[in-house]
Every structure is written in structure tokens, then in C-alpha cells.
Amino acid sequence: MNNSEKKRMNGEAEEENEEDVEDEGRDAWERTYTDERSWEALEEDESGLLQPIDNKAIYHSQYRRRLQSLSATSAASRIQKGLIRFLCVVVDLSKAAGEMDFKPSRMAVIAKHVEAFIREFFDQNPLSQIGLVIIKDGVAQSLTELGGSPEAHIKALMGKLGCAGDSSLQNALELVHDTLHKIPSYGHREVLILYSALSTCDPGDIMETIQKCKKAKLRCSVIGLSAEMFVCKHLCQETGGSYMVALDEGHFKELLLEHAPPPPALAEFAIANLIKMGFPQRAAEGSIAICSCHREAKVGEGYICPRCKARVCELPTECRFCGLTLVSSPHLARSYHHLFPIEPFTEVSARQLELSRVASKTCFSCRESLLTPGTNKAGPCAACTKCKQYFCLDCDIYIHESLHNCPGCESRRITPAAASVTMS
Amino acid sequence: SFSDDVSLLVVLIDTNPFFWSTSSSSLNFHQFVSHVLVFLDLIVRLSQLNQIVVIATGHNTCDYIYDSSLDTDQVTGEGELPALYSFVLQRLEEFVNKDEKLGAKQEGLSEKRASSLLSGSLSMALCYIQRVFRSGPLHPQPRILCLQGSPDGSEQYVSIMNAIFSAQRSMVPIDCCYVGSHNSAFLQQASYITGGVYVKPQHLEGLYQYLATVFAVDLHSRSFLQLPRPAGVDFRASCFCHKTTIDMGYVCSVCLSIFCKHHDKCSTCGSVFGKAQLDAASDRKRKASES
């Protein structure tokens with residue numbers, strides 16, 4: 001029992017002299033405290049009360065690192081984003097999902113966050129579709145078909161929360177492969193597996209299935225809840241997906257939501273196609289028609305398919321009679337910010353801001369003072385490379401994560417000559 | 001403490017001289033501003049806790065005009081007119097001069113350039129509102145009121161839609177009182193998507209009445225009123241090639257550009273349809289080396 005021997009050794013070493021024990025003898029959690037002793041960062045003010053630690057700067061530098069890594073990968077090669085996505089979410093409901101290391105149980109935590117993920121996914125990718133698959137008792141079953149309505153998926157998932165039996169990764173992959181094989185060629189095929197178990201019981205050779213998925217251009221990603229497994233890592237490496245293991249509930253939520261925006265689509269995966277779509281008008285007020293989704297007579301609100309004039313209740317959807325994809329222009333517009341992203345702002349140190357000739361040291365968009373509160377000295381801020389305006393750190397985050405417009409650039413009128421230079 | 005009927009109203013005033021000078025309506029810019037000033041005064045009188053921010057939407061730039069929460073902008077009244085009026089009028093005049101100077105270098109502007117920089121002022125308004133959200137759990141309920149007359153600028157479509165979706169996520173309604181000649185499709189969509197109210201007054205001489213009856217009431221109390229309902233919001237798309245509205249078209253699966261006819265190649269992203277992009281790129285290379 002190697003581990004427990006090691007632990008006993010560590011215990012004795014700790015009593016002797018912490019500083020002298022070599023790093024290899026320590027557990028990982030002890031090593032993190034050798035370099036960063038976060039309790040030493042606490043400070044007291046004049047009256048002896050503890051001052052709050054400034055988390056803002058740390059948060060902002062983490063955010064900037066994330067932004068830089070994202071823009072570096074997309075600028076490095078001509079990678080486009082897969083905007084029309086067909087995603088199968090595979091939820092492992094084997095016995096391991098009943099473990100209570102995530103409170104109240106792994107299964108409950110997964111269900112809660114998958115609901116939020118589904119809503120966020122359709123918000124960011126209105127033209128895409130999701131299908132749910134569960135693994136239970138060593139068998140994979142398709143819970144919902146590929147579809148674009150979030151409510152149907154969420155309702156089905158909440159109704160089926162019970163865990164039992166073994167988990168079988170191969171069965172899940174086979175099922176997902178058959179489902180995603182039938183979709184049109186312009187769609188991006190993705191699989192997201194939420195895996196709680198530490199093993200997989202397969203009827204055949206899983207490596208063959210992995211190769212089959214790779215050939216079918218399925219991008220498989222896994223989020224593990226227990227520990228890293230070789231077979232998951234291999235699957236993700238072969239198919240070009242990402243493999244992460246969640247440390248706690250907050251981390252799991254973050255990892256899951258990272259899959260909501262479209263991933264970079266490798267050029268060889270995407271077959272560009274022109275998809276015929278309809279942009280229906282709203283039905284006239286007071287008009288009566290039988291809607292094609294509920295087979296009931298409805299008055300007023302609704303949309304008319306431009307090809308076959310059938311009435312549908314909500315968009316986006318596929319007309320049941322003629323099969324035309326029906327969307328409204330805002331649905332397409334929701335994805336335009338992925339195609340026209342704004343550049344990250346550059347960091348401006350306090351010194352640079354002081355030296356700059358800006359008259360009033362306020363953020364251009366929210367007019368909050370850029371001076372450190374309580375002092376007259378400039379604090380750190382960010383600047384846009386194109387319009388050269390200064391922004392506070394919070395606006396920087398809001399602009400890049402939610403707004404996707406630089407207020408400085410939008411408040412400038414660019415002449416056509418200048419515009420053609422910047423576009424090329 | 002804030003009760004739920006306290007408002008933060010961010011007003012975006014359109015000062016675009018290309019609209020106001022060519023407008024054939026019964027309202028000129030100075031009359032328009034006087035209606036708006038009385039309306040702003042009304043908001044302030046309805047509750048001491050109400051806050052107002054005014055941002056000007058110009059032709060070449062946008063800027064903050066007034067912020068009721070700033071000490072420098074609070075001036076005590078003297079004489080007949082409220083001090084608010086003279087302060088805002090002076091700032092507006094400074095802004096219009098600045099806007100004009102910025103455009104002095106451009107020549108020969110056609111009809112199309114008559115649009116204002118609505119996306120700029122909308123973005124600034126949303127950033128200001130985020131700042132208010134950050135200030136703590138007790139804050140007034142924010143909303144944006146666009147007083148717009150200039151036509152939509154099609155070059156701003158993507159930025160305005162981005163702003164609309166961000167407002168929708170933050171649950172900030174975008175209202176609009178449109179004083180131009182033809183309805184603004186952008187602002188109709190903005191109000192529809194964010195749950196705001198869009199009004200195009202029939203009789204502009206009575207503009208203050210529309211403002212006072214529709215837009216003075218706080219968000220919570222709106223549920224007790226019969227407000228103008230959206231009529232015929234047009235959600236059809238425009239094709240990228242001719243800018244005509246179409247009800248059926250072709251969408252590029254890579255960049256989502258909309259076309260009215262079938263093409264072999266996408267003019268926006270260069271994708272060749274029907275082929276995997278890597279094959280298409282190597283085809284192009286081969287053809288280039290052969291020729």
C-alpha cells in the first residue's frame with residue numbers, strides 16, 4: 001500500500017521540520033502553499049481592522065489571459081467557427097452518478113447545470129440543434145431527438161433522473177454516431193459527454209468505435225466528474241475535442257458553459273452549403289388559422305411559412321409540411337458577433353495613464369473615474385487599439401463578453417476611404 | 001432605500017443636423033428640445049430618487065450631456081426656468097458645434113450618409129447601466145429611451161443588433177419615440193426584443209403629450225397601463241447583394257450571409273459551396289500554379 005506509507009512518512013516529516021522536507025515527499029495540496037501563502041497578503045488599516053483583498057485586479061488579469069489565448073488560437077490559422085451545430089449531450093447515469101461528492105448528488109448537479117447550458121446554447125446558437133442521450137445499466141438510450149426547442153429537452157431530462165448500473169462509453173458513441181450520421185453535410189457534428197464513472201463496460205473494441213467517430217468527423221469532448229481516464233483522453237485527442245475534469249460544482253459549471261459558444265471549426269470539417277431558409281411574416285392580428293405544431297385553431301400571433309402558407313407558433317423551426325427552415329433575422333444576427341469579433345483592448349498601466357494627455361481621467365463608456373478610489377492617482381485601465389479611447393476594467397470585460405461593440409469605435413464616423421483600408 | 005417604482009432613465013437625443021435640416025415635419029430641432037426638456041423636468045418631479053442621464057447621438061460622434069447623479073451637473077435654480085434647462089441647452093449647443101467640426105473634413109455626403117451614430121450612444125448607455133448594476137443591490141430600475149429621427153444606417157445593423165441582445169440579456173427595455181418620416185425597423189425590433197415600447201407620434205406638435213403619457217411612468221407601473229402595442233414588426237431579412245427585403249433566401253452555412261439567388265461562391269467569406277474548404281483552397285492553389 002504505497003500511498004498510505006507515503007502519507008505516514010509525510011506526517012512524521014511535518015512534525016520534524018516542514019521547510020526541510022523535499023517537494024516530492026509532499027502531497028499536491030501541500031505544494032500549493034509553499035509558493036503562495038495567501039494569508040500573508042492580508043493587510044490591516046490604521047485601526048487594526050482587516051482590509052478586503054482586491055480581487056478585482058486578479059479577476060481582470062485572469063480574464064485577460066483567457067481572452068488572449070482565445071484570440072491567439074483563432075488568429076494563428078484561418079480557423080472559422082462552426083455556427084450551425086448539431087450537438088449530442090451524453091449524460092452518464094450509471095451508479096457512479098449517485099455519488100454525493102457533489103451536493104446533493106452528481107446527477108442533480110449535472111441536471112441543474114445542463115438545463116442552464118441548454119438555454120445558453122440556444123441563446124448563442126439559435127440555428128443549432130441538441131439531442132440528449134443517457135447511459136444507464138450499461139446501455140445507451142436516446143432521450144430526445146435532435147431538435148431546436150429548449151423546453152422539450154429540459155422537460156425530458158428532468159423526468160428521467162435515476163441512476164443505476166454500469167456505464168458504457170462504446171454504446172454511447174455508437175448511438176451518437178448513428179444519430180449524427182444522418183445530418184446534412186454543412187452542420188458541425190459535436191458530442192459532449194458528462195462522465196461520472198471511472199470505468200466503461202463495452203461489448204467490443206472501443207478503439208474501433210473511436211476511429212469510426214474520427215472518420216465521421218464527430219468532435220467529441222468529455223467533462224469528467226471523478227478523475228482523468230485514458231480512454232476519454234484518447235477519444236478527445238483523436239477527434240479534436242477537449243477533455244477536462246471538474247474540481248467542484250463551480251468549476252463544472254464553468255467548463256460546461258465553455259462549450260456554449262461555437263468552437264473553432266477546422267477547415268476540413270466544414271462543407272459550405274447554401275441553405276434555403278424562409279423569413280416568415282407575423283400573422284395579421286385577429287386572423288384565425290390552425291397551427292401546424294399543436295393542431296389547434298389559434299387567433300392572431302404566429303408566423304406564416306412563405307412557401308406553403310402554413311402557420312407556425314414560434315421561430316426558429318422547420319415547417320412541418322414543406323420542410324423549409326424558418327428563422328427570423330435576429331436569429332441570424334445573434335451569431336454575427338462571432339464573425340465580426342472586436343479586438344481585445346490593450347492594458348494601460350497606471351503610469352501610462354498619468355502620462356497620457358487625456359483631460360478627464362474617466363472611462364469613455366461609463367464615465368466612471370479611472371483614478372484609484374480614495375486617491376488621486378491613476379489606476380490600471382484598458383485602451384482600444386483602433387479608437388484609442390480609455391475604458392475601465394469592468395467595461396472592458398462587459399464589452400468583450402456581452403456587448404461585442406466598442407463604444408469608442410461606434411461613436412466615430414469613418415469615411416468610406418478609411419473604411420476600405422480597415423476592412424482589408 | 002429604493003422602492004420598485006424608481007427609474008433610471010437614459011435618454012438618447014438625436015441631434016443629427018442632416019436629419020433636422022431636411023426634415024419637413026412640423027417640428028424643428030429647437031421645438032423638439034423644448035418638448036424634451038419639459039419631459040425631463042417631469043421625470044425629476046415625479047420622484048426625488050429618479051435619475052436621468054442624457055446622451056446625444058450626433059452624425060460624427062456621441063457624448064454625455066447630462067447626468068443627474070453628478071454633483072457638477074446639479075445646479076440650483078435661479079430665475080424663471082429650472083436650472084436644468086439652461087445647463088442642458090448649453091451642453092447641447094457645445095455638442096452640436098463639436099459634432100459639426102468633426103465632420104468638416106468630409107465632402108459630398110449623399111442621402112445614405114444621413115444616418116446618426118445610434119449604435120455608439122446605445123453602447124455607451126448600456127455600459128453606464130452596467131456600472132449602475134455594479135454599484136450594489138439597491139439601484140433604480142434602468143431603461144433606455146431613444147428620441148430618434150434619423151433613418152437607420154444599414155452599416156450599423158450588426159452593432160445595433162449586438163446592443164439589442166445585450167440589453168435583452170440584462171433585462172433593460174429600449175423604448176423609442178420616433179420623430180422621423182418612415183418607421184425605423186431597427187428600433188421597432190429593439191423595442192420588440194427587449195420588451196420596450198415603440199411609438200411614432202402622429203401629431204408632432206404635441207410631442208410632450210406622447211412623452212408624458214407613455215414614457216414617464218416607471219417600469220413597474222407599466223403593467224397597470226394600456227400602452228401602444230407593436231403593430232407589424234418586420235422580421236424579414238435583407239439580402240446582402242441588393243439590400244432588398246426577402247421572405248425566402250439562401251444562407252451561407254459558414255458565415256450566415258443571406259442571398260436571394262443561388263451562387264457558387266459566398267461573396268462575404270469566400271467559401272466555395274459543396275466542397276470541403278481544404279479541398280477548395282488546394283484547388284485554388286493548384287489553379288494558380290498552373291496558370
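This is a predicted model: local features need pLDDT of at least 70, side-chain atom pairs count only at pLDDT 80 or more; totals for chains, interfaces and linings use all residues.
View 1. You'll find B:Ser184 in the loop between S5 and H6 of chain B. Skip the neighbours within four places in sequence, and B:Ser184 still has B:Asp152, B:Tyr178 and B:Tyr198 in contact.

**View 2. Helix H6 of chain B and its surroundings.** H6(B) spans residues 185–194 and is mostly covered, with eight of its ten residues buried. Those buried residues are B:Phe186, B:Leu187, B:Gln188, B:Gln189, B:Ala190, B:Ser191, B:Ile193 and B:Thr194. What do they pack against? Within chain B, the partners are H4, strand S4 (141–148), helix H5 (157–170), strand S5 (174–178) and strand S6 (198–199), and chain A joins in with helix H10 (329–333). Just past the end of H6(B) comes B:Gly195, with a positive phi of about 80°.

View 3. The crossing of H13(A) past H4(B) is right-handed. On the H13(A) side, the residues involved are A:Asp394, A:Cys395, A:Tyr398, A:Ile399 and A:Leu403, and they meet B:Ser123, B:Leu126, B:Cys127, B:Gln130 and B:Arg134 of H4(B). Sorted by type, the residues of this contact come out as six nonpolar, two polar and two charged.

**View 4. The stretch of chain A annotated as a C2H2-type domain.** UniProt, in an unreviewed entry, lists "domain: C2H2-type" for residues 384–404 of chain A. In the model that stretch is 52% helix and 10% strand, and its end C-alpha atoms are 13 Å apart. A backbone detail to look for is A:Lys388, which has a positive phi of about 65° without being a glycine. A:Lys388 belongs to the loop between strand S20 (381–383) and strand S21 (390–391) of chain A. Is its side buried or exposed? A:Lys388 is exposed, at a relative accessible area of 58%.

**View 5. The stretch of chain A annotated as a C4-type zinc finger.** The label "zinc finger region: C4-type" comes from an unreviewed UniProt entry and covers residues 305–322 of chain A. The model shows 0% helix and 22% strand over residues 305–322, with the end C-alpha atoms 9 Å apart. Zoom in on the peptide bond between A:Leu315 and A:Pro316, and you'll see that it is cis, with omega about -5°. A:Pro316 sits in the loop between strand S16 (311–312) and strand S17 (317–318) of chain A.

**View 6. Helix H7 of chain A, with one side in and one side out.** The buried residues of H7(A) (residues 206–215) are A:Ile206, A:Thr209, A:Ile210 and A:Cys213. Looking down the axis of H7(A), these fall within an arc of 100°, so they line one face of the helix. They pack against helix H6 (169–181) and helix H8 (230–239) of chain A. On the face turned away from that buried side are the exposed residues A:Glu208 and A:Lys215.

**View 7. Two backbone spots in loops of chain A.** The peptide bond from A:Lys103 to A:Pro104 is cis, with omega near -10°. A:Pro104 lies in the loop between strand S4 (85–92) and helix H4 (106–124) of chain A. The other spot is A:Asp137, not a glycine but with a positive phi of about 55°. Its place is the loop between strand S5 (129–136) and strand S6 (139–147) of chain A.

**View 8. B:Gln209, out on helix H7 of chain B.** B:Gln209 is part of helix H7 (residues 207–215) of chain B. B:Gln209 counts as exposed because its relative accessibility is 57%, and the cut-off for that class is over 50%. From B:Gln209 to B:Ser47, 162 residues apart along the chain, the C-alpha separation is 19 Å.

Conventions:
Residues are numbered from 1 along each chain as its sequence is written. Chains are lettered from A and ligands numbered from 1 in the order in which they are written. Side-chain values use heavy atoms; hydrogens and water are left out. UniProt positions are given in the numbering used here, feature names are shortened, and annotations may be inferred rather than shown by experiment. Helices (H or I, at least four residues) and strands (E, at least two) are DSSP runs, numbered from the N terminus. A crossing is left-handed if the near helix is turned anticlockwise from the far one by less than a right angle, and right-handed if clockwise. Contact means heavy atoms within 4.5 Å. Ala, Val, Leu, Ile, Met, Phe, Trp, Tyr, Cys and Pro count as nonpolar, Asp, Glu, Lys and Arg as charged, and the others, Gly among them, as polar. Buried means under 20% relative accessible area, exposed over 50%, partly exposed in between (1.4 Å probe, protein chains only). The arc is that of the directions from the helix axis to the C-beta atoms.
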